[in-house]
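Trainee: Hey, I've got this one open on my screen. Can we go through it together?

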Amino acid sequence: MKPTRRRFASAALAGLAPKSGPRIEGGFVFESAGQGLDQGHRLRDHARFASPARREKTEVVIVGGGVAGLSAAWRLDKRGFRDFVVLEAEQQAGGNARSGENEISPYPWAAHYLPVPDVRQTLTRELCAELGLLDGHTWNEIHLCHSPQERLYLHGRWQEGIEPAIGLTKTDAEQFQRFEQLIQELRQTGAFRIPMEEGLQKSTQEIQGLDRMTLGDWLQRQGLYSPYLRWYLDYATRDDYGTHYDQISAWAGLHYFASREPEDKGPLTWPEGNGWIFKRLLRKLGRFVRTGSMAFHIRRENGRWAVFTEQCAYEARCVVFAAPTWLASWIVDPAPPRWPIASAPWITANLTLHRWPDNKGLEYAWDNVIYNSTSLGYVIATHQSLKTYQPQTVWTWYMALADGNAADQRRLLLGGDYAYWQERILADLERAHPDIRQCVRRIDIFRIGHAMPRPAPGAIFHPERLRRARHDGTLVYANCDLSSLSLFEEAQYRGVTAAEHVLKLVSRAGA
Ligand SMILES: Cc1cc2nc3c(=O)[nH]c(=O)nc-3n(C[C@H](O)[C@H](O)[C@H](O)COP(=O)(O)OP(=O)(O)OC[C@H]3O[C@@H](n4cnc5c(N)ncnc54)[C@H](O)[C@@H]3O)c2cc1C
């Protein structure tokens, strides 16, 4: 039986008791009226929106106050251009870089780390230097992930690192080595870069061909069938694209590995994940951001753009559309062609633990993964704490709803009530932590209907993606989904390059 809306709401409010163990408080977050899913569904259902009583003139409107939108704002402000606003639908800006905080620790709601950017990633390094993370070539150790960084629960015990190491046959080990060699060859082509746009020019026919098959097909062709290797690659594609390796473009799946050099340090992480960076961006740029301002309609009026929110209609020369790109078909008039890339639903949860589960004397890592779980494991918000005694903690648990069709998975995401999801989270963690129910005091759950792009074969070189990624005209796109890669660096690059494009237009118009 499908739960009704009212039953969702009551489950969200109540503290529900799990199968056994003490009562656990919590509920769904960002789901009250006028937030998150509710707002998105109003757009989807073509609901009536109130006509704004005010009008305001500005040169540039940035729609979407996530990393991409704020990166556009960062660039405009740094270039001395301040005639713009950032419209953010939610009460809290940040999108997937939002974070929360309780009496124990700040914690992330989604994005939780930034790989150490290499010397070619000049934009990200520019921001890192500004935020005091990088001094010349030296990274501030406090912000680099402390060890142990990662561990995997495999065959009933924890091993260091996420790449499976226990129980591998000689053939499995050889297949890992062969995969690494193939990745090294792809890396050397220079076609896999971050930002991805910088590598595309180097794509040969052969590399473009990788976008016409799934990563599963590619593995088959290479004779790579080790179940451990396949699990590892599946973990990676669920983590970065929200779906399985046999559904993802081989180009995208291989980009995950071939775009970065093997790291000797990092990643950069904080208790609140990428919320740490976002809060600092917001400190600089918050005066431009209007939260609770969902753009529900954008159209041309008298040679300018009119951007409607329920509070105000903005008249602007240029629009930077940094909200998810697929949304434009619901908002922009005339509607652009349907965006060809599906988006993956995700669920994350912050668990407040009043004591740590018995870890049999082992050390916890920052990132803790369970082999053959449908989840992606959990990161520990207090891992970076310098306190010598930390009796309580917060864990952030992640799961992409990776199976089959994304729309069906969204129905599953919304179909399960709070008690259902709470039980799934506890049952998942219980495999590695049998006493977890005795340790958890609270579980808050974030359901993200459209969390990140799922680039199926054909997505990367799809003409509509290539067209929308080119900055052309006075309305330009900037969300990281333009890259089909949901990464901080891609969001930043898209935001900054969109800002540079509109700066040219406004300075030409002013000249
Ligand atoms: C669970 C999860 C974990 C992740 N972990 C990492 C990680 O560890 N490291 C990493 O680099 N990346 C991670 N990512 C990727 C993350 O999405 C990007 O790093 C980045 O934060 C995306 O920024 P964005 O601005 O492109 O998009 P979003 O974060 O989606 O921002 C878009 C913004 O637009 C707003 N908006 C939408 N519609 C409207 C409208 N009509 N009007 C006004 N505003 C609107 C939204 O509310 C939102 O704030 C993760 C993503 C998920 C889902």
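Trainee: What does the backbone of alanine 68 do with the ligand?
Mentor: A polar backbone atom of alanine 68 is 2.8 Å from an oxygen atom of the ligand. Keep in mind that this is a predicted model.

Trainee: Okay. Which ligand atom does the backbone of tyrosine 113 sit by?
Mentor: A nitrogen atom of the ligand, with a backbone N or O atom of tyrosine 113 at 2.8 Å. Cysteine 480 also uses a backbone N or O atom, 2.9 Å from an oxygen atom of the ligand.

Trainee: How much of the ligand's accessible area does the protein cover?
Mentor: The protein covers 93% of it, out of the 990 Å² that the ligand has on its own.

Trainee: And how many residues surround the ligand?
Mentor: There are 36 of them, and the closest are Ala68, Glu88, Asn96, Tyr113 and Phe488. By class, that shell has 23 nonpolar, 11 polar and two charged residues.

Trainee: Why does the ligand lie between domain 1 and domain 2?
Mentor: Both domains give residues to the shell around the ligand, so it lies between them. Domain 1 is 5-29 + 342-454, and domain 2 is 39-97 + 272-338 + 456-510.

Trainee: New topic, salt bridges. How many does the structure hold?
Mentor: It holds 36 salt bridges. Take glutamate 31 and arginine 447, where the closest N and O atoms are 2.9 Å apart. Glutamate 31 is in the loop between strand E1 (25-28) and H2, while arginine 447 is in strand E23, so the pair ties together parts that are 416 residues apart in sequence.

Trainee: Is arginine 447 buried or exposed?
Mentor: Arginine 447 counts as buried, because its relative accessibility is 4% and the cut-off for buried is under 20%.

Trainee: What does glutamate 25 pair with?
Mentor: Glutamate 25 forms a salt bridge with arginine 23, and the closest N and O atoms are 2.9 Å apart. Glutamate 25 is partly exposed at 32% relative accessible area, whereas arginine 23 counts as exposed at 52%.

Trainee: Which residues are linked in a network of salt bridges?
Mentor: The linked residues are Arg75, Lys78, Arg79, Glu126, Glu130, Lys284 and Glu500.

Trainee: Where is threonine 214 found?
Mentor: In the loop between helix H7 (205-209) and helix H8 (215-222). The side chain of threonine 214 reaches the backbone nitrogen of aspartate 217 at 2.9 Å. Threonine 214 counts as buried, at 12% relative accessibility.

Trainee: Got it. Which residues does a cis peptide bond join, with omega about 0°?
Mentor: Glycine 266 and proline 267 are joined that way. Proline 267 lies in the loop between helix H10 (250-258) and strand E12 (268-269). The peptide bond from aspartate 333 to proline 334 is cis too, with omega near 0°, and proline 334 is in the loop between strand E18 (332-333) and E19.

Trainee: What about phi, say for lysine 360?
Mentor: Phi of lysine 360 is positive, near 50°. Lysine 360 is in the loop between E19 and strand E20 (367-370), and it is exposed at 65% relative accessible area. Asparagine 372 has a positive phi as well, about 60°. You'll find asparagine 372 in the loop between E20 and strand E21 (377-380), exposed at 55%.

Trainee: Last one: which residue with a positive phi follows H2?
Mentor: That's histidine 46, with phi near 50°. As for helix H2 (residues 36-44), its buried residues are Leu37, Asp38, Gln39 and Leu43.

Conventions: Residues numbered from 1 in each chain as written. Predicted model: local features only at pLDDT ≥ 70, side-chain atom pairs only at ≥ 80, totals over all residues. Heavy atoms only, no water. Near = heavy atom within 4 Å. Polar contact = N/O pair within 3.5 Å; in protein donor to acceptor, adjacent residues only side chain to side chain. Areas by Shrake-Rupley, 256 points an atom, 1.4 Å probe, with all protein chains shown as cover. Nonpolar A, V, L, I, M, F, W, Y, C, P; charged D, E, K, R; others polar. Domains from an automatic or database assignment. Buried < 20%, exposed > 50% of the residue type's maximum accessible area, 1.4 Å probe, protein only. Helix = DSSP H or I, 4+ residues; strand = E, 2+ residues; numbered from the N terminus. Salt bridge = Lys/Arg side-chain N within 4 Å of Asp/Glu carboxyl O.
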